[in-house]
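The following exercises concern one structure. Please work through each task before reading its solution.

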Amino acid sequence: MALLEVQDLHTSFFTDAGEVRAVNGISFQLDRGKVLGIVGESGSGKSVTAYSIMQILASTGKIVSGSIKLDGQELVGAGEKVMKTVRGNRVSIIFQDPMTSLNPTYTVGHQLMEAITLHTNRNRREARERAVEMLRLVNINEPEKRMKQYPYEFSGGMRQRIMIAMALACEPDILIADEPTTALDVTIQAQILELMKSLQQELGMAIIMITHDLGVVAQMCDEVIVMYAGSICEQGTADEIFYSPKHEYTKGLMRSIPSADTAGKKLQPITGTPIDLLNMPDGCPFAPRCEGAMKICTVSRCPRMEINADHASACWMNVKSGIENGTIKIEDVTIQEGGEA
Amino acid sequence: MAENMDRPLIEVKDLKQYFNINTGVFKTRPLKAVDGVSFDIKKGETLGLVGESGCGKTTVGRSILHLYEPTSGEVWYNGTKVEGKAAIKNFRTKATMVFQDPYSSLNPRMTVADIIGEPLDVHRMCSNKKEREERILELMDHVGLNSEHASRYAHEFSGGQRQRIGIARALAVNPDFIVCDEPVSALDVSIQAQVINMFDELQDKLGLTYLFIAHDLLVVRHISDRIAVMYLGHIVELADAAEIYERPLHPYSKSLMSAVPVPDPKIARANKRIVLTGDIPSPLNAPSGCAFRTRCPYATDACAQAVPEFKEASTGHFVACHRVGEIN
């Protein structure tokens with residue numbers, strides 16, 4: 001059984017302007033000890049997916065339907081009491097901005113110990129020992145002295161290490177990292193990614209890595225989910241996604257990244273701008289920006305299709321090429337207007 | 001004026017920019033944000049300036065335009081020294097800037113037409129209303145905005161479009177030289193590529209020269225002809241873009257280049273990253289001698305004694321490291 005199983009999750013924000021469908025029917029699984037990357041642009045729903053798992057959505061946000069199972073236990077509708085035993089203990093999260101995620105008025109030691117005493121039945125002395133041990137684990141020198149210092153006395157990279165120490169203090173099964181290195185410099189980013197990778201191998205936890213940086217994904221992840229406008233375009237192993245992308249959005253994303261080969265040449269950007277989540281089209285959400293968009297793309301959303309055991313995609317182009325080379329029979333494809341095939 | 005085509009458009013000579021920081025009552029100490037940098041940029045060239053936050057790269061850009069009055073050092077434009085109020089004002093019609101954050105660098109109470117038109121008004125570049133309007137529409141066309149956008153406000157636009165407005169404003173006075181301060185780092189990948197292409201096209205069309213400041217090394221490599229690497233107020237290495245990526249000589253550049261996350265899983269897994277220990281020291285307490293020595297894997301006692309000289313290691317490849325001969 002998978003450690004985490006998300007089935008047809010829909011999360012919406014109910015704003016004055018109307019319902020914003022931030023996450024629009026996504027499903028995935030995460031096994032123990034794996035690193036799953038969720039990539040997408042701003043507004044693609046990758047962070048909302050994470051917040052839905054933790055159930056820490058803003059007050060206007062709500063899980064509308066779907067199921068999130070942790071080790072077989074249903075979390076949607078389980079209530080705050082159950083979620084309190086999940087958050088921090090079994091699933092932890094670290095946020096993008098280490099500058100604002102720590103409380104500036106308490107010492108780092110106090111904040112670490114708070115997390116430990118809240119989630120385990122250690123007493124204060126044991127919690128202090130555990131906190132020092134965690135700081136040492138994330139390579140902070142002189143942890144005893146550092147415990148007494150306030151967040152402003154640490155640099156950005158060190159604060160992110162403290163966030164990681166705090167998240168791992170109760171040995172969670174899953175660590176969700178929401179853009180953990182976006183606010184950091186390249187050399188500090190390399191330090192943090194290296195640290196996360198070695199801790200993951202040491203402690204055997206699973207990581208959900210949320211990022212917009214395909215470079216970070218390539219370095220860290222076993223499996224990848226590509227999101228656009230609240231839906232999953234494509235999911236599969238890192239090698240499958242990077243070397244044989246099967247969705248027009250993923251392909252466009254890969255083409256638009258500058259590299260050694262593009263120096264002196266034109267980049268191939270994706271035209272247009274991301275769609276307005278308040279006015280979602282009936283068909284594929286990427287169709288308005290897709291160069292290969294066909295008639296069907298604007299009226300109907302392509303269902304998830306298995307490319308092979310390690311790879312699934314939701315793009316009508318695959319159906320088209322399948323029909324052309326005879327692997328899919330046209331009679332098997334039925335389309336409902338505005339719905340799924 | 002330009003009798004020699006190879007003459008640099010912009011020359012920066014031993015530029016220093018210190019800020020006085022209050023460290024107590026009546027006590028100040030200089031923060032050496034930029035501590036003696038020299039480089040030149042040829043006409044039509046793009047010089048990339050990379051480095052981590054706090055290394056002084058933005059300050060270099062601003063000091064060149066005299067947005068800060070440099071503590072010492074000289075800026076030469078087209079063979080003349082930029083000095084004195086009138087010369088600075090004139091220089092600013094030739095050299096402009098595109099800012100990092102398209103959200104805070106546009107006045108929310110001004111329409112797009114007024115934002116783009118403001119430099120024209122300041123420098124009295126249009127004799128009548130009609131000319132001004134035509135020029136604004138021409139600029140909007142350059143950056144791919146529609147004429148109906150002219151009467152809208154900045155908040156009605158997406159990040160990529162706002163950056164286009166900022167670029168149109170920078171182009172308004174018909175400059176030769178633009179300082180681009182992290183112009184694409186706030187944008188999504190797919191939008192970033194659109195804006196980078198636009199910088200390319202404008203350079204070809206208008207013959208622009210860029211100083212392109214960024215921390216994203218993949219972007220800088222794509223757009224730059226030459227690249228300068230900064231660390232703690234100093235330029236530590238300067239070379240052709242391909243050269244500095246393939247054969248970095250300075251230990252800091254080496255680790256910087258190896259730390260770039262490559263969007264290719266097989267390369268990323270095989271890549272041996274040189275992970276630096278520690279953080280950048282505060283420029284208020286910069287190390288003696290070579291600024292990089294506290295994080296450098298090759299540092300010796302000699303590195304603490306003297307500031308390394310910035311010298312040419314091979315043709316066009318400059319580096320400031322005491323041990324450059326031994327470690328390469």
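**Exercise 1.** How many residues does the contact take from chain A and from chain B?

*Solution.* The model is predicted: local features require pLDDT of at least 70 and side-chain atom pairs pLDDT 80 or more, while totals for chains, interfaces and linings use all residues. Residues are numbered from 1 along each chain as its sequence is written, and chains are lettered from A and ligands numbered from 1 in the order in which they are written. Step one: residues are in contact if their C-beta atoms, placed from the backbone, lie within 7 Å. Step two: 34 residues come from chain A and 34 residues from chain B. Step three: on the side of chain A that touches chain B, α7(A) gives the most, with six residues.

**Exercise 2.** State the order of the strands in the open sheet of chain B.

*Solution.* Strands (E, at least two residues) and helices (H or I, at least four) are DSSP runs, numbered from the N terminus; two strands pair if DSSP finds at least two bridges between them. The order of the eight strands is β6-β7-β8-β3-β9-β10-β12-β11 (chain B), with mixed pairing. Because β6 (95-98) and β11 (311-314) of chain B each have a single partner strand, one side of each lacks a neighbour in the sheet.

**Exercise 3.** Describe the surroundings of β6(B).

*Solution.* First, β6(B) runs parallel to β7 (residues 177-181) of chain B, joined by four bridges. Among the residues concerned, B:M97 has B:V179 as its bridge partner. Next, helix α5 (residues 159-171) of chain B lies across β6 and β7 of chain B, at about 175° to β6(B). Such angles run from 0 to 180 degrees between N-to-C directions of axes fitted to C-alpha atoms, for helices over the stretch in contact.

Technical notes:
Contact = placed C-beta atoms within 7 Å.
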